[in-house]
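Subject: Handover of a structure and its findings

Dear colleague,

Please find the structure below, followed by an account of what was found in it. I would be grateful if you would read the two side by side.

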Amino acid sequence: MDIARHIALIDELCFRPFPAEHGPSAGGAGGPGHFVAVLESSHGLRGGDPGERAVTVEQYEKYRDALYERLAPRWGETDPWNLRTVLLRTEAEDIPEPWAGLSACADVAYLWEAEGTGRWVAVAVADRDETDEVRLLAVVTEQAPP
């Protein structure tokens with residue numbers, strides 16, 4: 001993992017104009033008011049060996065925690081945000097993107113309001129779908145978390 005490159009991308013996304021339409025953007029996807037960048041991906045590790053997947057998830061969680069260690073001094077220490085409760089709320093409420101999508105693919109995120117940018121930043125490991133690859137995600141949005 002190239003932590004400096006990931007931090008640089010997150011910083012860039014905090015100031016880059018959001019796309020007008022949903023679609024591919026900055027190594028991931030974007031839409032009105034948000035970016036979802038794939039920082040790391042297990043490319044091809046879909047389903048397969050559960051033991052190998054568990055090792056990959058554990059490694060990506062360490063990467064997520066390393067990003068937290070670099071971003072917390074800048075934007076403040078924060079407890080992990082339980083996305084499972086957000087996912088449960090999507091059954092009864094209209095949760096806006098990117099939060100609904102993030103809660104569908106990840107269990108926990110670190111979340112900050114990026115001071116001076118008017119944007120929110122979250123880092124998470126997308127591993128909920130065992131038939132999909134494992135991804136380390138950075139979400140940058142103007143939409144406050146629900």
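S25 stands opposite G28 in strand 2. Strands here are DSSP runs of E with at least two residues, and helices are runs of H or I with at least four, both numbered from the N terminus. The model is a predicted one, in which local features need pLDDT of at least 70 and side-chain atom pairs count only at pLDDT 80 or more, while totals for chains, interfaces and linings use all residues. Residues are numbered from 1 along each chain as its sequence is written, and side-chain values use heavy atoms, with hydrogens and water left out.

The sheet

Strands of a sheet pair through backbone hydrogen bonds, either parallel or antiparallel. In this model, seven strands form an open sheet with antiparallel pairing, in the order 1-2-3-7-6-5-4. Strand 1 (23–25) and strand 4 (81–82) are the edge strands, each pairing on one side only; two strands pair if DSSP finds at least two bridges between them.

Strand 1 is joined to strand 2 (residues 28–31) by three bridges, and strand 2 to strand 3 by four. A29 stands opposite V36 in strand 3. Strands 2 and 3 form a hairpin with two residues between them, and G33 in the turn has a positive phi of about 85°. Strand 6 (residues 119–126) is joined to strand 7 by seven bridges, and A126 has R135 as its bridge partner in strand 7.

The largest pocket

The largest pocket has a volume of about 150 Å³. A pocket is an open set of points on a 1 Å grid over the protein atoms alone, where a 1.4 Å probe fits, with protein on both sides within 12 Å along at least five of seven lines; lining residues have an atom within 4 Å of a point. The volume is the space filled by probe spheres set on the points. Among the lining residues are A29, H34, V36, C105 and R135. Strand 3 (34–41), helix 4 (99–105) and strand 7 (135–141) each supply at least two residues of the lining.

The cysteines

Why does the search of the whole structure find zero disulfides? A disulfide is a pair of cysteine sulfur atoms within 2.5 Å. The sulfur of C14 is 19 Å from the closest cysteine sulfur, in C105, which is too far for a bond. C14 is buried (under 20% relative accessible area, with a 1.4 Å probe and protein chains only), at 2%. C105 also counts as buried, at 18% relative accessibility.

Conventions. Buried < 20%, exposed > 50% of the residue type's maximum accessible area, 1.4 Å probe, protein only.
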